[in-house]
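Please work through each task before reading its solution.

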Amino acid sequence: MSSALECHNARKVFYVKRERKNGSILSRLFARLIPKYKMVEAVDRLTFHVEPGEIFGILGPNGSGKSTLIRLISTLLLPDEGCITVFGHDVVKERFQVRKLINRVSVDAAFFKGLSAMENLSYTARLYDLDKGAWQDTAADILERLGLKTDKLHEPLEDLSRGMQQKIAVARALLTRPLLLLLDEPTTGLDPVSKKEVQDFVLEERALRGTTVVLTTHDMQEADRLCDRIAIIDYGRFVAMDTPGGLKSQVSPNGEDVTLEEVFFALTGKRLKDNGKPENGDVR
Amino acid sequence: MVLVLEINKELRRSYALVERNFNLIKRYLGWEVVFMVYTVVNTLTIAFIGLSPDGSGQDKVLYLVVGALLWGFLSVLFHEVAESVQWERWEGTIEYSFMAPMRRLTYLGGVCLFAAAYGAIRTVIVMFAVVGIFNLDLSSANLLSGLIVLLLSSLSFIGVGLMAATLPLMSAEKGSQAAHILEAAILLVSGVYYDVSVLPAWMQNLSLISPATYTLRAARAALLRGASLHDIRSELLILLATGVILIPLGLLVFNRAELYAMRTGKLKRSG
Ligand SMILES: Nc1ncnc2c1ncn2[C@@H]1O[C@H](COP(=O)(O)OP(=O)(O)OP(=O)(O)O)[C@@H](O)[C@H]1O
Ligand SMILES: [Mg+2]
């Protein structure tokens, strides 16, 4: 069977306004000589593939390109170069087909916060043209498995806790029965209990329906627990890609016990110490 | 047959937007009532101007009321369509809505459908309030002509609104500002409360390119003087042409602008 997700040399560049500091006249004059926009290589020619039913993790420091990659896959950004396919459908040329197969949970629960959970889900059901009777049963089932109390479902979402909102975001994504689920930091900001509930749910969903998952996270334990394979991304490039165990043994070849956190620092830490990205983002 | 079924299906799906927006109105019903009261009062204050001793009484009141009602309807229509993208961006849902397997045509159709329904409901409420207070005499009005004017001008305003809706896709902040300026300009030059002949010459030239000018002229002819469809055919033709040209053009431009936003990362950046 073909891959669930195939990414070949995908590249995304942004042009962002350069910050101009108010320095001396001389330095301001000098600043006029350099271009107003600088280039940020958010995703730098990535090649990888994800098998059906796999949970693929992406770890990386802030601004390393995780969300950009997720957006490229979810047809929200056009790649500048390269080719991405979801179950054989090109994300640019067959956008419409791909959209039927995927759903995404973003860091910020993107809801109409004045509306209740049920009203938001109803909007989803209409957007995705789900069968009216069926979606309500599916929703009830998902919400129950996520441990959401039904009495909260008719309150405006802005009155719900962040954890509840995020669970509803997960429920909303699964309501459309996606073959490929894109989770962009789904558990950031959740307490340990809610975190575990969401993680359990992802595992259960995969076991039950064979859903393929691409997950970004800053939580090393989460990655260790959920992912079959993990890619570590830095400056838009994968610096390593392996199973959690494989990554650990890369860092400690003589077999001592290391955590994924140590792996992360070993592979990206050197640069982290220089305080993130170099100023001259143009040339790398 | 297949086409009819297909259109029916898309219409049903576009109802997603209608239902969503009416749910939001329900949620903020208190504000809705406040705005409604404000609009009614605003229309009344304008209508009372017509009763000033130097005015010509009932006719002048009707002249002003027609202007206020039409402008109320058209500006709601324009606003809802033009601000739809900006509003979803502000709410943070734009990526979610745009990622759904729904044709953009269907999405925008839903936006327009809601705008028309919402504008019509508001206008009818204001109309009843005004008619109740002023005892307006509509015996010489040609209501059919009036209705057709309303329908055709809706088309052209949806077209203008669609063009304006693309602006926020190209520039998050400035786009929405530009839409407001455009609306203000239309209000100024289209003769909503006065005849365009009182305007300075350069503004009169501008009034020629505003669809609202033709709407108001035709609506007044129909409602004040009982003009038949035949009498106002040139205005109707202009309104129809504006709609027929601007709606497809608006959709085309919208698609282009969306691709531009997807290329440059302007849909949304945080996260
Ligand atoms: N829409 C955009 N316009 C301009 N620059 C962008 C845009 N989106 C991302 N970037 C830039 O691209 C780089 C990668 O950003 P991205 O959001 O993908 O990182 P991330 O790994 O998701 O970070 P975080 O962990 O903070 O979520 C950053 O330098 C960011 O500023
Ligand atoms: Mg991110």
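**Exercise 1.** How many residues surround ligand 1, and which are the closest?

*Solution.* This is a predicted model, in which local features need pLDDT of at least 70, side-chain atom pairs count only at pLDDT 80 or more, and totals for chains, interfaces and linings use all residues. Side-chain values use heavy atoms, without hydrogens and water, residues are numbered from 1 along each chain as its sequence is written, and chains are lettered from A and ligands numbered from 1 in the order in which they are written.

Step 1. The shell holds 19 residues (one heavy atom within 4 Å of the ligand).
Step 2. The closest are A:Gly63, A:Lys66, A:Ser67, A:Thr68 and B:Gly265.
Step 3. Chains A and B both supply residues around ligand 1, so the site is shared between chains.

**Exercise 2.** Identify polar side-chain atoms that approach an oxygen atom of ligand 1.

*Solution.* Step 1. For A:Thr68, a polar side-chain atom is 2.5 Å from a ligand oxygen atom.
Step 1. For A:His218, the corresponding distance is 2.9 Å.

**Exercise 3.** Is A:Thr75 buried or exposed?

*Solution.* Step 1. A:Thr75 is not a glycine, yet its phi is positive, about 65°.
Step 1. A:Thr75 is buried, with a relative accessible area of 2% (buried: under 20%; exposed: over 50%; partly exposed: in between; 1.4 Å probe, protein chains only).
Step 2. A:Arg45, also not a glycine, has a positive phi near 50°, but A:Arg45 is partly exposed at 41% relative accessible area.

Methods:
Polar contact = N/O pair within 3.5 Å; in protein donor to acceptor, adjacent residues only side chain to side chain.
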